[in-house]
Amino acid sequence: MKTRLGQNFLVDKNITRKIAASADILPSDTIIEIGPGNGILTEEIGNISKKVIAIEIDKTLTNNLSVKFENNNNIIIINKDFLRWTPPRIKKLKFVANLPYYISSAIIGKILHLDNWDTAVLMVQKEVAERLKALPGTDDYGILSIACQVFCTVEKIFDVSNTCFFPKPKVTSTVVKLKRLSKPLIKKTNEKRFFKIVKSAFAHRRKTILNSLSMELDINKTIIQKKLLEANISPFCRAETVSIASFIKLTNVLSIPKK
């Protein structure tokens with residue numbers, strides 16, 4: 001098996017059953033599986049769901065999967081890079097995946113900005129799982145934490161030992177469940193501005209939020225300080241202590257120059 005794309009293939013069928021159960025799959029659901037690899041999880045969810053669309057970037061693996069599931073009409077294998085692929089406009093998609101470690105954040109970011117899904121059960125590196133559910137004031141809290149929690153709730157389901165994979169990774173994995181909020185915490189019209197402010201605030205983690213925002217947004221410190229105070233944020237705190245609600249308040253009062 002190839003591992004050049006960061007693949008660690010799940011080989012424990014008990015884990016696949018637990019992942020499928022965590023996704024609350026109904027026979028009527030359409031499931032998007034990202035990186036099916038050897039197809040062990042594909043087979044499990046294909047036994048429950050009416051339609052599984054498995055997106056695999058590796059051509060050799062795609063061919064192997066096509067042969068393996070040639071008699072399964074409810075399983076569709078597509079040879080694409082998920083980051084360059086457009087999911088179907090079907091209401092209430094569900095995502096299930098054992099994500100490659102090296103691009104897990106990018107894949108999660110893409111899923112978060114789609115609006116036609118309700119559940120995503122993802123296996124990620126344990127450190128990534130900690131970041132997804134981190135709260136303000138903790139070392140793991142950052143851009144990924146905020147991005148995830150703006151759009152969904154995050155629940156840790158269980159850890160997965162490296163002995164459940166081939167080849168064995170050097171890290172522990174964690175299965176997390178994301179449930180999309182019926183209404184995101186930020187308005188669609190404010191989304192771009194909100195994330196620009198958040199990314200600017202975290203660009204220099206050792207600096208105060210006042211200095212970081214001033215440097216990244218090229219706005220006079222006096223103006224930034226005034227707006228921070230309007231949002232009830234101390235200009236001298238650091239970004240990792242600022243709640244999502246406070247970042248939303250800052251977005252509502254701070255105008256960003258167009259470039």
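**Contacts and overall build**

I looked up the contact range in the chain before anything else. Among contacts between residues at least 6 apart in sequence, 65% join residues at least 24 apart. I note here that this is a predicted model.

I then took the extent of the chain. Its C-alpha atoms fill a box of roughly 65 × 35 × 30 Å along the principal axes. Of the 259 residues in the chain, 51% are buried. I listed ten helices and nine strands.

**Sheet**

I traced an open sheet of seven strands and wrote its order down as S4-S3-S2-S5-S6-S9-S7, with mixed pairing. Strand S4 (75–79) and strand S7 (152–160) are the edge strands, each pairing on one side only. On average, neighbouring strands of this sheet are turned by 20° against each other, direction ignored.

I checked one pair in detail. Five bridges join strand S2 (residues 30–34) to strand S3 (residues 51–56) in the parallel sense. Ile34 has Ile55 of S3 as its bridge partner.

Next I looked at helices on the sheet. Helix H3 (residues 59–68) packs on it and touches S3 and S4. The direction of H3 makes about 160° with that of S4. Helix H4 (residues 104–112) also packs on the sheet, touching S2, strand S5 (93–98), strand S6 (117–125), S7 and strand S9 (173–180). For H4 I noted an angle of about 175° with the direction of S6.

**Cores**

Which residues touch the most other members of the largest nonpolar core? I found Trp117, Leu122, Phe194 and Phe247, in a core of 58 residues. Helix H6 (residues 143–151) gives the most to this core, with six residues.

Leaving out residues up to four places away in sequence, Trp117 touches Lys92, Leu93, Phe95, Ile111, Leu112, Cys152, Leu178 and Arg180.

**Pocket**

I noted 29 lining residues, of which Gln7, Ile34, Gly35, Asn98 and Pro100 lie nearest the pocket centre.

Which elements give two or more residues to the lining of the largest pocket? I recorded strand S1 (9–10), S2, helix H2 (40–46) and S3.

Key. Residues numbered from 1 in each chain as written. Predicted model: local features only at pLDDT ≥ 70, side-chain atom pairs only at ≥ 80, totals over all residues. Heavy atoms only, no water. Pairing = 2+ DSSP bridges. Helix = DSSP H or I, 4+ residues; strand = E, 2+ residues; numbered from the N terminus. Axes fitted to C-alpha atoms, helices over the stretch in contact; angles between N-to-C directions. Contact = heavy atoms within 4.5 Å. Core = buried A, V, L, I, M, F, W, Y, C linked by side-chain atoms within 4.5 Å. Buried < 20%, exposed > 50% of the residue type's maximum accessible area, 1.4 Å probe, protein only. 1 Å grid on protein atoms, 1.4 Å probe; cavity = no way out; pocket = protein on both sides within 12 Å on 5 of 7 lines; lining within 4 Å.
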